[in-house]
Amino acid sequence: MSERNEAGAGRPVLLRGGTVLPMEGVRTVLEDTDVLVTGDRIAEVGPGLRAPDDALVIDATGGIVLPGMIDTHRHMWQTALRGYGADWTLTQYFVWFYLDHGKLFRPQDVHAGNVLAAIEALDAGVTTVVDWSHGLRTVEHADAAVDALRSVPGRYVLAYGNIQQPPAEWASAPEFRDFVRRRITGDDLLGFQLAFDVLGDPAFPEKAAFEVARELGVPVSTHAGVWGATSDEGIRLMHEHGFMTPETIYVHAASLSADSYHRIAATGGSVSVSTESEQSAGQGYPPTWALRAHGIPVSLSMDTSVWWSGDLFSAMRATLGADRSREHLEAHAEGGTVTHAGLRADQVVEWATRGGARALGRDDLGVVAAGKKADLVLIKNDRSPVSFPVLNPFGHVVFQAQRGDVHTVLVNGRVVKHEHELVGIDLAAARRQVEDTVAYLRADMGEEAWRQGMNPDIPETKILDNPYTYTDYRSDATHRL
């Protein structure tokens with residue numbers, strides 16, 4: 001049996017001699033440090049640890065060991081349509097999924113998307129994903145979603161939603177309660193949330209869904225501060241009815257007022273920032289600058305592969321760039337210059353790891369320390385010229401690394417990727433499922449609608465009149481026009 005095949009066999013694992021980012025203190029870096037895993041926990045962290053006789057020893061020299069990354073908002077069911085909506089606006093996304101074609105998805109299509117999303121998350125070192133699953137228009141779809149998550153060895157939170165029905169209706173339905181009883185059993189690898197939005201109707205029709213969440217003892221995740229869709233009014237209604245809690249995750253929160261940010265901060269909630277999404281779709285400017293100003297905890301997410309990348313390296317890089325860009329623009333508008341960046345690389349690495357753990361109420365995740373869950377990532381690629389030198393490990397993770405540099409991934413102590421290859425994953429079967437979904441949707445929609453959906457009309461643009469007209473040019477340096 002090869003070392004790669006043995007990697008998933010449940011043996012102790014020793015990551016030897018890496019640069020460890022424990023995420024327990026500000027900018028803490030442990031050089032030439034070992035991490036020993038036994039069972040589902042980190043047993044020891046330190047230099048020169050003794051390897052148990054049956055341990056799989058992985059040479060982490062020249063690499064970076066960090067906690068498994070945590071994505072707090074990903075519409076996994078849409079992954080079978082990877083890249084389809086690359087040129088969409090948020091309006092086109094809403095029309096396609098909410099009004100026209102989201103209802104076409106069968107349970108097996110949700111299953112296909114979830115399997116592929118789960119696999120691509122592990123491949124990129126994302127060990128925990130909140131499946132913001134708002135395509136569950138029947139419990140059969142929900143069962144398919146859970147079956148898919150159970151089939152891939154990662155850690156997940158099913159955020160149950162249904163965009164085809166008001167949340168008060170589906171959350172109060174007997175079949176939904178039966179689903180929760182059957183499938184949400186307290187398994188450490190499968191958490192549960194309710195996922196729905198508050199649209200700002202003064203009658204607050206979402207109240208019944210919040211009451212169900214409270215009765216079940218589970219958090220609510222909601223798209224808040226999405227320009228033209230969810231606003232300050234939704235935050236006000238949640239707050240005045242007592243449904244803003246420390247467990248609530250507000251996704252995007254990109255177009256809210258200071259009053260709403262104060263309400264979120266005062267009630268202890270957190271915000272899941274999807275910078276690629278906010279930049280491209282138009283929910284509002286990525287709000288990390290405002291969240292930092294109000295002291296609101298942050299986690300990161302990638303939203304949907306219909307548009308964007310499925311990894312948190314891109315999320316970290318985009319987030320740091322967006323925050324700094326705004327900081328520079330504001331300074332320039334006042335005739336000033338930024339001399340010290342407010343947001344640092346270690347902070348976005350923290351948001352991608354421990355920030356996600358805090359949002360999910362999991363203090364056993366997001367940290368490399370003895371006694372914590374063994375969800376770990378080794379970034380190392382000896383075949384890449386970008387792998388050295390590693391001078392600033394946090395900066396290297398954010399600006400230099402990518403999914404191809406993920407050497408080893410552990411979830412709950414199990415090696416699920418080793419030497420850059422997934423362990424025990426049937427990628428061919430996932431491909432067949434996705435191909436079936438794509439063929440079905442394409443046939444059901446018809447070729448014209450399929451192509452139109454992928455290629456929305458390009459708005460007309462006007463070239464500005466140019467007052468400078470060059471009618472003659474010669475390279476002769478002495479020539480003057």
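The points below concern helices and backbone geometry.

1. The model is predicted: local features need pLDDT of at least 70 and side-chain atom pairs pLDDT 80 or more, while totals for chains, interfaces and linings use all residues. Residues are numbered from 1 along each chain as its sequence is written, and side-chain values use heavy atoms, without hydrogens and water.

2. Helix α12 (residues 312–333) has 22 residues and spans 31 Å from its first C-alpha to its last, close to the 32 Å expected at 1.5 Å a residue. Helices (H or I, at least four residues) and strands (E, at least two) are DSSP runs numbered from the N terminus. D311 caps the N-terminal end of α12, with a side-chain oxygen 2.9 Å from the backbone nitrogen of F313. After α12 comes G335, with a positive phi near 75 degrees.

3. The axes (lines fitted to C-alpha atoms, over the stretch in contact) of α15 (residues 427–445) and α16 (residues 447–454) come within 6 Å and cross at roughly 110 degrees. α15 is therefore roughly perpendicular (65 to 115 degrees) to α16.

4. Most residues other than glycine have a negative phi, and most peptide bonds are trans. D32, in strand β2 (residues 30–38), has a positive phi of about 45 degrees and is exposed (over 50% relative accessible area) at 56%. F204, in the loop between β9 (190–195) and α7 (207–216), has a positive phi near 50 degrees; F204 is buried (under 20%) at 3%.

5. The peptide bond from F388 to P389 is cis, with omega near -5 degrees. P389 is placed in the loop between β14 (376–379) and α14 (393–399).

Terms used
Axes fitted to C-alpha atoms, helices over the stretch in contact; angles between N-to-C directions. Parallel < 35°, antiparallel > 145°, perpendicular 65-115°, else oblique. Expected span 1.5 Å × (residues − 1). Polar contact = N/O pair within 3.5 Å; in protein donor to acceptor, adjacent residues only side chain to side chain. Buried < 20%, exposed > 50% of the residue type's maximum accessible area, 1.4 Å probe, protein only.
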